There are 2 protein chains.
Amino acid sequence: MAKDKKLVEAITPMAEDFAQWYTDVVRKAELVNYSSIKGCMVLRPAGYAIWENIMHQLDARFKETGVENVGMPLFIPESLLQKEKDHVEGFAPEVAWVTHGGNEKLQERLCVRPTSETLFCELYKDIVQSHRDLPKVYNQWCSVVRWEKTTRPFLRTTEFWWQEGHTAHATWEDAEARTVQMLNLYADFCEEVLAIPVIKGQKTDKEKFAGAEATYTIEALMHDGKALQSGTSHNFGDGFAKAFGIQYSDKENKLQYVHQTSWGMSTRIIGALIMVHGDDSGLVLPPRIAPTQVMIIPIAQHKGGVLEKADELKQRLINAGFKVKVDDSDKSPGWKFSEQEMRGIPMRVEIGPKDIEAGQAVLVRRDNREKTIVSLDNLEETVGQILETMQNDMYARAKAHLDSHIYEAVDYDEFKDTVANKPGFVQAMWCGDEACELKIKEDTTATSRCMPFEQKAIADTCVCCGKPAKKLVYWGKAY
Amino acid sequence: MAKDKKLVEAITPMAEDFAQWYTDVVRKAELVNYSSIKGCMVLRPAGYAIWENIMHQLDARFKETGVENVGMPLFIPESLLQKEKDHVEGFAPEVAWVTHGGNEKLQERLCVRPTSETLFCELYKDIVQSHRDLPKVYNQWCSVVRWEKTTRPFLRTTEFWWQEGHTAHATWEDAEARTVQMLNLYADFCEEVLAIPVIKGQKTDKEKFAGAEATYTIEALMHDGKALQSGTSHNFGDGFAKAFGIQYSDKENKLQYVHQTSWGMSTRIIGALIMVHGDDSGLVLPPRIAPTQVMIIPIAQHKGGVLEKADELKQRLINAGFKVKVDDSDKSPGWKFSEQEMRGIPMRVEIGPKDIEAGQAVLVRRDNREKTIVSLDNLEETVGQILETMQNDMYARAKAHLDSHIYEAVDYDEFKDTVANKPGFVQAMWCGDEACELKIKEDTTATSRCMPFEQKAIADTCVCCGKPAKKLVYWGKAY
């Protein structure tokens, strides 16, 4: 038993040091390995399989709304990056520069894409001529690079994987509708698949994307009460179109500028999965995103018939549509239990000689460790019910955690006290002035997370300066 | 009609200028757009959808053999690239170098990965300790960069998309078995899905991968009689393991070096699809890889009930498992026919008022333009049969083309005459000396494509130098 416990004891308890707990889970669940390139991570099979599931399910939702995938170049010439003034100011300080190709110095430096607005603009300028060519609703799955000083696996890495959607529309209204549609798609995906409740809202001008007219965001709350921006959708209006000269002839044959959007979700969301659902035994994956949903662990597997029965149950469950593995390695059952828990596999099935004799198996839920003894006759049905219940319970638990960590503050002392002592979101009124955002950040380290779509007035004046309030804002400390 | 023909007339006939025909098809079928980065292509939706289908189907075949996907960094530090002597010599002259991150000069240059052997070695060194950790059968889907002087879409581009499998095994025999297994997997995929017959064989030492002990290849024959290397699989033995120090303790607790392989297939294979199956009207896609298999084109679509019927047939065919679209744009039917043919969509369904009255539709196969009038009662069944027949016919035609373009040569005059006048493969005996390969290339521009797995002796002496022959070799001009 001493050996069995080692795997688990290597995780720092969440309450002791949340940051260390996170790092331990990421490493011990074998999601990530560090590489010799500072800030770049290796996604190991267990980590990449989660990303693959996210890609498959998001991609299917995208395609239902008419999205087409494309493959864009990895490099952006320096002159192309510079075409939109705000955009280059936002990204130039954090890009990697290629200066040599083969043995020759390049005439113009190329940056490794930090995001691909400029490349899509160049493409759209070339292929959009008429209103018949609109809308263009393109997306790509790729990795991007931003030269970060401080990095943490998933949350902030020099290279990360994501999808970036880029669209061109005839009118501002069409662009706005697509921007909101994609934000809602992200929110639904987080809630329905990842069991992560989110707050939907608009970023302040200070926090919006470099070059955007409006940025919409979904914000999730981690177990430690810090916020994580989990997906964003931007309406560019015709700003990029004017900078790049992207025009189409309308039905009256008049030249018009297109209106554009972009929207993205990244491997960062795996950080949210870990920090919303994980516990002191490791990862806990919602059944709908888990690469392996059921791990069958044979007890006394050296005894006749046990491994055969385990394989038979595996096949039955696979035929019923579940993702199932058998752990028939030469480790002890206790070690296998710890490993299954560490990796967040939603359910384990224990099956030994006595179970076989009794025509039953023991099912154990990962999230609350509830045991169910099931007759093998009802195996598929019961496994399905338990996984469904677990998915719903995980969402309900995360939603209760979110709801119980949203506070209100009407004056500045109350605000500062709440930020300092109550981890979570603070709702407070804001005058719309960037100076107040800067002061609040300076005083409390909290930032404006979003102006929620669901607005209400909890006071008449700005929580910071006392001038008339314009918007309700969610504030919080964030990753 | 003049306008309808314009789309097609813009393609240069294959017989007139094959290279220009290829470029025309790539652009007019909207597979690719050029970008402002020399040698980098944009994969447009029609091109990327082919690559997506290739990825999905190859990936499913990989996973059946136990492959796990991972995500590796984009960058390789210069010192890491240099660890294996042959490897760095092969790749260093053609990589892109990152010298600055943000505004700072890097202490060590990073190259953008041209291939990732060195990164996988670093990972395996870290995560392989015991024989229990073997085999590792990892793969990644990504793009890589090689600084090319002359580029052509799909065939040779500075950046291209591919998969690269990298494995580590306990023994040379295990590595060899995996190398051959993956080559066979590629060959089966090409023949069964892409309808492209291939020659399987081993590369000569001169042509093998930088750092490999043995490279196996599949070689396909294009319509113009030139060869295209379409997939490769390498056995590294323990060469990389020794350079990187990747060891495991075996069952007797003795330290052993691992044995490694790598294998890849890239977007280059889309070039093969175009050049094996295309014709003077454009692309011809085999039904099993076509993103859209059936294009329904309404005739006199302004008349009542036509578009509704087209949509009804679309839904019926989608329900039967086919990939179907309706072209209800405001172009003329003739234009739509040309466009469907240009894009290589395997079948079109013509449906107009008279067809509806007669309870029928007209099916037209893309490859031979054969028309079938089908009763709507039998629509799904007939479409399925025709697509299946078309897939098989396309393979048979490509196989007949390959077989009829394989020649034998037993003396050097015959060899030179064949290479000069008969496009295709020339089988000839070889002494095993690199000098003869170099002389043959100098004299004829043909290169050794492979030493086929199916060896036979067509002469006793080398076709070039007359010394005793060791191997039968396929020679040919190649892309």
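Helices (H or I, at least four residues) and strands (E, at least two) are DSSP runs, numbered from the N terminus. With these labels the tour can begin.

The model is predicted, so local features need pLDDT of at least 70 and side-chain atom pairs count only at pLDDT 80 or more, while totals for chains, interfaces and linings use all residues. Residues are numbered from 1 along each chain as its sequence is written, chains are lettered from A and ligands numbered from 1 in the order in which they are written, and side-chain values use heavy atoms, with hydrogens and water left out.

**Stop 1: the two copies**

Colour chain A and chain B separately. The same surface serves both copies, since 98% of the contact residues of chain B recur in chain A; contact means heavy atoms within 4.5 Å.

**Stop 2: the interface**

Select the residues of each chain that touch the other. In chain B, 53 residues are in contact with 52 residues of chain A. The two chains bury about 4,300 Å² between them, 57% of it on carbon and sulfur atoms. Buried area is the accessible area (1.4 Å probe) that two parts lose on being put together, summed over both. Display Ile37(B), Pro45(B) and Phe75(B), which supply 12% of the area that chain B buries against chain A, more than any other three residues.

Which residue of chain A forms a salt bridge with Asp330(B)? The partner is Arg132(A), with the closest N and O atoms 3.1 Å apart. A salt bridge is a side-chain nitrogen of Lys or Arg within 4 Å of a carboxyl oxygen of Asp or Glu. Four salt bridges are found across this interface. Strand E5 (residues 96-101) of chain B gives the most to the side of chain B that touches chain A, with six residues.

**Stop 3**

Two strands pair if DSSP finds at least two bridges between them.

Thr167(A) has Thr261(A) in E14(A) as its bridge partner.

Next, display Lys456(A) and Glu408(A), whose side chains meet in a salt bridge (3.2 Å, N to O). The pair links distant parts of the chain, 48 residues apart: Lys456(A) is in the loop between strand E22 (447-452) and strand E23 (471-476), and Glu408(A) is in strand E20 of chain A.

**Stop 3: the sheet of five strands in chain B**

Return to chain B. Here an open sheet of five strands has the order E16-E15-E17-E18-E19, with mixed pairing. Its edge strands are E16 (324-326) and E19 (371-375), each pairing on one side only. Strand E15 (residues 294-298) and strand E17 (residues 347-351) of chain B pair in the parallel sense over five bridges, and Val294(B) stands opposite Met347(B) in E17(B). Five bridges also join E18(B) to E19(B), which run antiparallel.

**Stop 4: backbone details**

Most residues other than glycine have a negative phi, and most peptide bonds are trans. Select Leu134(B) and Pro135(B): the peptide bond between them is cis, with omega near -5 degrees. Pro135(B) lies in the loop between helix H6 (117-127) and strand E7 (136-145) of chain B. Finally, select Arg369(B), which takes a positive phi near 60 degrees in the hairpin of E18(B) and E19(B).
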